[in-house]
Amino acid sequence: LECTDCYAMNYTPGSEMSLPQIRSTLEQCISAGTYVFIIAGGEPLMVPGLLEMLSDLDDGLFLVFTNGTLMSETHATQFAKSANLFPIFSMEGSPHFTDSRRGEGVGSQIHKAMLLLQSHRVPFGISCMVTRENVSLVTSRSWFDELWQVGVRFAFLIDYIPPHDMPDGKRILTADNMADKQAALSQRWQEAKPLVVNFPPDEYVDDMPCMAAGAGMIHINADGFVEPCPFSHFAADNVKDKLYLDILQSPFLTRLR
C-alpha cells in the first residue's frame, strides 16, 4: 500500500535484513532483557517464515502490525497456535476513513481478516491514526462496541504527527480536539472494552520523560539501522555491523538519553 503520511515511506527498499539477521537481533534483545516487541511495516506478512520464527522465540511477546490485506487461513492458524503473537490491524476507523488513507477496499479487507481471526478464536487489536477528521468516531462508545463485537481486545490510538516534509494542517488535531479525545478515552479506559492506549499522551503520565533512544524503547528499522524511535529517522549504527548492546551504549544514543 501507499498510505498517506506513511512513516516508512522514505526508507530505501532492497536492503532489508534477512530472516537470520532478524532472529539474531531479537535474540540479542531478549538476552539483554527486552521481552515486548512491536513488529511494524511495511507489511510483515510479506516476509516468508517470519511468523514461524517469531513463534519460536517464546521468551518474547510480539505485536504484529498488519494492514490485513494478506491475512490468510495459514496466517490465522499460525496466530492461533502461537500464544506469543498478537496481531494488530492498522486502520483509521470506518471503511471510509481507512480507504481514504490506505486505498479503496482496504477497510473491507480488514473486516474480512478480523472475521477470519475471530473464527480461529484469535484475540487481536487495532492501531488507528487519529486526525481532525476521524477523532469523534474513533473515540466513541458506538465504534468501540463494533470493535468489541468483531473480536478486538486492544487498541492503540495514535495522534496524527505529520512527517516533516509533507504536513497536512487540515488533519492535525486542535487543542479542543485533544481535550475532547482525552475526556472520551478516559471513559473508554474505565470501560476497558477494548483496552485502549492513547499515544503520545499516555507516554507522559506522572511527568515521565521521553522513553526513546533506549531509555525504555528503541526502533530498529527494516535495514537494521537503530533509531531513537519510529518517528525519528536518525541513526549512527546498524545491527548488521555491531552488537545490539554496543549500539545502545554508543555515543549517539547515550547523548540523546
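This is a predicted model: local features need pLDDT of at least 70, side-chain atom pairs count only at pLDDT 80 or more; totals for chains, interfaces and linings use all residues.
**A first look at the model: confidence, helices and cores**

Hi everyone. Among the elements of the protein chain, helix 2, residues 50–56, has the highest mean pLDDT, at 98, while helix 4 has the lowest, at 85. Over the protein chain, pLDDT averages 91, and 98% of the residues score at least 70.

Let's stay with helix 4 and look at its neighbour. Two packed helices are described by the angle between their axes and the distance between the axes. For helix 4, residues 95–102, and helix 5, residues 106–119, the axes come within 7 Å and cross at roughly 120°. The two helices are therefore oblique to each other. Which residues make the contact? From helix 4 we have Pro95, Thr98, Asp99 and Arg102, and from helix 5 we have Val106, Gly107 and Ile110.

Now, on to the interior. In soluble globular proteins, nonpolar side chains tend to be buried together. Here, the largest nonpolar core has 52 residues, and the ones touching the most other members are Leu54, Phe62, Phe89, Met114 and Ile126. Helix 5 comes up again: its six residues are the largest share of this core.

Take Phe89 as an example. Leaving out residues up to four places away in sequence, Phe89 touches Thr66, Gly68, Met71, Ile110, Ala113, Met114, Leu117, Phe124, Gly125, Ile126 and Ser127.

Note on methods. Residues are numbered from 1 along each chain as its sequence is written. Side-chain values use heavy atoms; hydrogens and water are left out. Axes are lines fitted to C-alpha atoms, for helices over the stretch in contact, and angles run from 0 to 180 degrees between N-to-C directions. Helices (H or I, at least four residues) and strands (E, at least two) are DSSP runs, numbered from the N terminus. Angles under 35 degrees count as roughly parallel, over 145 as roughly antiparallel, 65 to 115 as roughly perpendicular and the rest as oblique. Contact means heavy atoms within 4.5 Å. A nonpolar core is a set of buried Ala, Val, Leu, Ile, Met, Phe, Trp, Tyr and Cys residues joined through side-chain atoms within 4.5 Å. Buried means under 20% relative accessible area, exposed over 50%, partly exposed in between (1.4 Å probe, protein chains only). pLDDT is the predictor's confidence in each residue, from 0 to 100.
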